[in-house]
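Biologist: I would like to learn how to read a model like this one. Could you take me through it, feature by feature?

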Amino acid sequence: MFFTPLVYASGYLVLLFLAVCMACGLYYMAELAEEYSRLTKKILKYSIISVIAIHALLLVLDGFPIFTTLFGIALHAVYYQFLKDFPFVKFGDPLFIGACVGLLVNHYLWIVFFREEYEYRVPQIMAFFVPCVWLVPFGFFVSVSLGDTVLPSASHSGGLGISDEGGGGKGSALKGGLAWFRAKRDSY
């Protein structure tokens with residue numbers, strides 16, 4: 001009678017610890033990306049090229065579906081366009097909105113493919129999703145805070161398109177988002 005609630009409580013505690021560990025890892029990766037923005041841009045560039053090559057090899061050698069694979073290649077070509085303005089992100093840009101929608105569609109297409117193919121197990125599917133679907137968008141997500149501190153001027157527009165009023169301090173996407181909400185709240 002006591003064992004079942006203990007298992008559930010322990011399971012939720014483990015999930016909480018995992019969430020905290022992932023948050024710490026994300027924060028550390030964002031700090032590294034902020035410190036080495038040129039290296040981050042190179043890593044993203046070579047990651048995009050590698051993922052496109054992997055998609056092409058899977059299409060030719062393993063017979064992956066043509067439409068889904070070509071969609072993934074095209075989406076990574078769109079991601080490559082973001083490197084021109086790196087580390088700045090324009091959230092209202094149609095290219096950015098299209099890439100977000102494309103990410104969701106790409107994710108859906110691959111889920112449909114792997115759901116219909118019963119020969120692949122969960123570890124194999126995850127081994128595909130991590131580098132080929134999630135790696136590049138995750139890299140751009142982690143580097144969103146870069147625009148806040150890359151340029152030395154005090155009044156530049158940060159990665160979120162919000163001016164850094166404090167000037168000179170370390171910024172992040174969270175701080176920029178909070179500043180945006182404060183500005184919206186104060187305007188009403």
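Predicted model: local features only at pLDDT ≥ 70, side-chain atom pairs only at ≥ 80, totals over all residues.

Biologist: Let us begin with the fold. How many helices and strands does the protein have?

Modeller: The protein has six helices and zero strands. Read along the sequence, the pattern is α-α-α-α-α-α.

Biologist: And what percentage of the residues count as buried?

Modeller: Of the 188 residues, 29% count as buried.

Biologist: Now the aromatic side chains. How many aromatic pairs does a search of the whole structure find?

Modeller: The search gives 19 aromatic pairs. To read such a pair, look at the distance between ring centres and the angle between planes, where over 60 degrees counts as edge-to-face. Take Phe64 and Phe114: their planes stand at 75 degrees, with the ring centres 6.2 Å apart, so this pair is edge-to-face.

Biologist: Where in the chain do Phe64 and Phe114 lie?

Modeller: Phe64 sits in the loop between helix H2 (37-61) and helix H3 (66-81), whereas Phe114 belongs to helix H4 (residues 94-116). The two are 50 residues apart, and their pair links distant parts of the chain.

Biologist: Is Phe64 buried or exposed?

Modeller: For this we use relative accessible area, and under 20% means buried. Phe64 has a relative accessibility of 7%, so this residue counts as buried. Phe114 also has a value of 7% and is therefore buried.

Biologist: Which kind of aromatic pair do Phe114 and Phe129 form?

Modeller: That pair is tilted, with 50 degrees between the planes and 6.0 Å from centre to centre. Phe114 is in helix H4 and Phe129 in helix H5 (residues 122-142), so the pair ties together parts 15 residues apart in sequence. Phe129 is at 3% relative accessibility and therefore counts as buried.

Biologist: Which residues form one aromatic cluster with Phe114?

Modeller: The cluster consists of Phe64, Trp110, Phe113, Phe114, Tyr120, Phe128, Phe129 and Trp134.

Biologist: Let me try another phenylalanine. Is Phe141 buried or exposed?

Modeller: Phe141 is found in helix H5. Its relative accessible area is 53%, so Phe141 is exposed.

Biologist: Now to the surface. Which residues gather in a patch of positive charge?

Modeller: Arg38, Lys41, Lys42 and Lys45 make up that patch. One of them, Lys41, is placed in helix H2. Lys41 has a relative accessible area of 33%, so it is partly exposed.

Biologist: Which residues make the nonpolar surface patch?

Modeller: Tyr8, Tyr12, Val14, Leu15 and Leu18 make a patch of about 570 Å². Tyr12 lies in helix H1 (residues 3-35). With a relative accessible area of 58%, Tyr12 is exposed.

Biologist: Let me read two of these side by side, then. Phe129 is buried at 3%, whereas Tyr12 is exposed at 58%.

Conventions: Residues numbered from 1 in each chain as written. Heavy atoms only, no water. Phe/Tyr/Trp six-rings, centres within 6.5 Å; stacked < 30°, edge-to-face > 60°. Helix = DSSP H or I, 4+ residues; strand = E, 2+ residues; numbered from the N terminus. Buried < 20%, exposed > 50% of the residue type's maximum accessible area, 1.4 Å probe, protein only. Patch = residues over 30% accessible without salt bridge, like charges linked within 9 Å, V, L, I, M, F, W, Y side chains within 5 Å. Areas by Shrake-Rupley, 256 points an atom, 1.4 Å probe, with all protein chains shown as cover. Salt bridge = Lys/Arg side-chain N within 4 Å of Asp/Glu carboxyl O. Lys, Arg positive; Asp, Glu negative; His and termini not counted. Charge placed at Lys NZ, Arg CZ, Asp CG, Glu CD.
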